[in-house]
Amino acid sequence: MRLTILIGVCMIARLAAAQPELTANGVEIDGGAIGKLTFDYPLFVPEGATEIKPEVKQTAGRTELTYLAAGTPEITLLRQESKIIVTLKTQSPGKLIWRMYLPLSVFAGTGSYSFGADGETKRFSAEKPPRPHLAQISTDRCLLTDGNSDSKIAIQSEPGGFWELQDNREWGWKIYQLNLYQEAFENRDQTITLDFRPE
């Protein structure tokens, strides 16, 4: 059985965004005035176990991820113009966790975020908020805006996943963290398409 997951990530900026790049750490995105951001290669969390970091092997235009534990998936990432095609060969069920870190210098006090097609737009606080988790929601999209340049990063996922946005100043780390959780199903081939397009 083949399951196809589509994640569309649109870069909206005053300057044209470059195509994504597969690097040693993740998918690097040129956000124009926002700067370069990286979607870290996904952690894998088996059911009832702790998260496992991938081992990364790169060749020309191709990245292979393996996890040093029994039953973990094998993942291949390929770039096709503006798209990153992610293929999973799974054995055991679990979760993939994609992470992106957002600098306080860009978003704190002036930037904003929203989740969902008609989600409320909220501003990133200049000061550490009373609770670190700014959003925890199941939906198919997220919009991040830099208030200084009005540049935007819109991320859309089909089917949707569980999104989490947190302020890491709670733990002494001056950065925001965006997480996207997706299911890895038992004994299935899965395809995730990451699409990065300027609008």
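Predicted model: local features only at pLDDT ≥ 70, side-chain atom pairs only at ≥ 80, totals over all residues.
Good morning, colleagues. I begin with strand β4, which spans residues 36–46. Eight of its 11 residues are buried, so that the strand is mostly covered when buried means under 20% relative accessible area. Strand β3, residues 26–30, pairs with β4 in the antiparallel sense, over five bridges. Within that pairing, Asp30 stands opposite Lys36 of β4. The hairpin of β3 and β4 has five residues between the strands, and there Gly32 takes a positive phi near 65°. β4 also pairs with strand β9, residues 94–103; this pairing is antiparallel and comprises six bridges. Here Val45 stands opposite Lys95 in β9.

I turn now to the aromatic rings. The count comes to eight aromatic pairs. One of them joins Tyr113 and Phe115 in an edge-to-face arrangement, with 6.3 Å centre to centre and 65° between the planes. Tyr113 counts as buried because its relative accessibility is 6%. Phe115, at a relative accessible area of 8%, is likewise buried.

Phe162 and Tyr181 form a tilted pair, 5.9 Å centre to centre, with 55° between the planes. This pair links distant parts of the chain: Phe162 lies in strand β13 and Tyr181 in strand β14, 19 residues apart. Phe162 is partly exposed, with a relative accessible area of 32%, and Tyr181 counts as partly exposed at 22%.

Which residues form one aromatic cluster? They are Phe107, Tyr113, Phe115, Phe124, Trp163 and Tyr176.

Finally, I note a charge over a ring: the charged end of Arg188 sits over the ring of Phe185, 4.5 Å from its centre. Thank you.

Methods. Residues numbered from 1 in each chain as written. Heavy atoms only, no water. Buried < 20%, exposed > 50% of the residue type's maximum accessible area, 1.4 Å probe, protein only. Helix = DSSP H or I, 4+ residues; strand = E, 2+ residues; numbered from the N terminus. Pairing = 2+ DSSP bridges. Phe/Tyr/Trp six-rings, centres within 6.5 Å; stacked < 30°, edge-to-face > 60°. Lys NZ or Arg CZ within 6 Å of the ring centre and 35° of its normal.
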